[in-house]
Amino acid sequence: MTHELIEPVNAGEYEVKKFLRGRGIQVEDVSDNPVYWAKDIDLIATNPITGKSAAIEIKLDSRIDDTGNFFIEFENPRSENSKGWLHFCEADFLYYIDSNSYLTYIIKFDELRHFIATHKRDLAIKSTFDGSIGYIVPLAAMPIFTTIQL
């Protein structure tokens, strides 16, 4: 537990770690580990009873409540080959956090990829102020996800 004292305190990641640990899940913060940067993974969560682990990526978004949409980045000029996180994230779960309310949407990454592949022709595309480009996915259109309040 002492390693928790030297972990980075990043908005969203801190709250997810606290939430999971409060439920007895072992959490390893890998957000500062270069091995995981290219995989876009922030946390490894392990159930101490089953020993099963899952990789988690955390995204914060201040516009979810206003727009009712997720922004799913597929292009980013600051990433290798300008790919957005949709293309290189290897996480099992995406924790997509409304940074205003901390309502958190937990999405299985494989289901997200399948949804985008199936519906991308019907989705709007927008860019952010810093040049990232992504699909606009209405919350109501997204396949099954779980919500938690952090």
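Arg23 sits over the face of Phe19, 3.7 Å from the ring centre. Lys39 does likewise with Tyr36, at 5.5 Å from the ring centre. A charge counts as sitting over a ring if NZ of Lys or CZ of Arg is within 6 Å of the ring centre and within 35 degrees of the ring normal.

Some housekeeping. This is a predicted model, where local features need pLDDT of at least 70 and side-chain atom pairs count only at pLDDT 80 or more, while totals for chains, interfaces and linings use all residues. Residues are numbered from 1 along each chain as its sequence is written, and side-chain values use heavy atoms, with hydrogens and water left out.

Now the aromatic residues. The structure has four aromatic pairs; rings of Phe, Tyr and Trp (its six-membered ring) pair if their centres lie within 6.5 Å, and planes under 30 degrees apart count as stacked, over 60 as edge-to-face and the rest as tilted. For Phe70 and Tyr96, the ring centres are 4.9 Å apart and the planes at 65 degrees, so this pair is edge-to-face. It connects distant parts of the chain, with Phe70 in strand E4 and Tyr96 in strand E5, 26 residues apart. Helices (H or I, at least four residues) and strands (E, at least two) are DSSP runs numbered from the N terminus.

Phe70 also pairs edge-to-face with Tyr105, at 5.2 Å centre to centre and 90 degrees between the planes. Again distant parts of the chain are linked: Phe70 is in E4, Tyr105 is in strand E6, and they are 35 residues apart. Together, Phe70, Tyr96 and Tyr105 make one aromatic cluster. Buried here means under 20% relative accessible area, exposed over 50%, and partly exposed in between, with a 1.4 Å probe and protein chains only.

Next, E5 itself. Five of its six residues are buried, so the strand is largely enclosed by the rest of the structure. Strand E3, residues 53–61, pairs with E5 in the parallel sense over six bridges, and Ile56 stands opposite Phe93 in E5. Two strands are called paired if DSSP finds at least two bridges between them. E5 and E6 run antiparallel, joined by five bridges, and Tyr95 has Ile106 in E6 as its bridge partner. The two strands form a hairpin with four residues between them, and Tyr102 in that turn has a positive phi of about 60 degrees.

There is also an open sheet of three strands, in the order E4-E8-E7, with antiparallel pairing. Its edge strands are E4 and E7 (124–127), each pairing on one side only. Neighbouring strands are turned by 40 degrees against each other on average, direction ignored; the axes behind that angle are lines fitted to C-alpha atoms, for helices over the stretch in contact, and angles run from 0 to 180 degrees between N-to-C directions. E7 and E8 are joined by four bridges, and Ile125 stands opposite Tyr135 in E8.

Now helix H5, residues 109–119. Which of its residues are buried? Phe109, Leu112, Phe115 and Ile116 are. Viewed down the axis of H5, the buried residues fall within an arc of 120 degrees, so they line one face of the helix; the arc is taken from the directions from the helix axis to the C-beta atoms. As a reminder, an α-helix has 3.6 residues a turn, so residues three or four places apart point the same way. Asp110, His114 and Ala117, on the other side of H5, are exposed. Among the elements covering the buried residues are E4 (69–75), helix H4 (85–88), E5 (93–98), E6 (103–108) and E8 (133–138). Contact means heavy atoms within 4.5 Å.

Asp40 lies in the loop between helix H2 (34–37) and strand E2 (43–46), and counts as buried at 13% relative accessibility. Leaving out residues up to four places away in sequence, Asp40 touches Glu57, Lys59, Trp85, Phe88, Cys89 and Ala91. Lys83 is in the loop between E4 and H4 and is partly exposed, with a relative accessible area of 40%. With the same exclusion of residues up to four places away in sequence, Lys83 touches Phe74, Glu75, Asn76 and Phe88. Lys83 and Ser132 are 49 residues apart in sequence and 9.3 Å apart in space, C-alpha to C-alpha.
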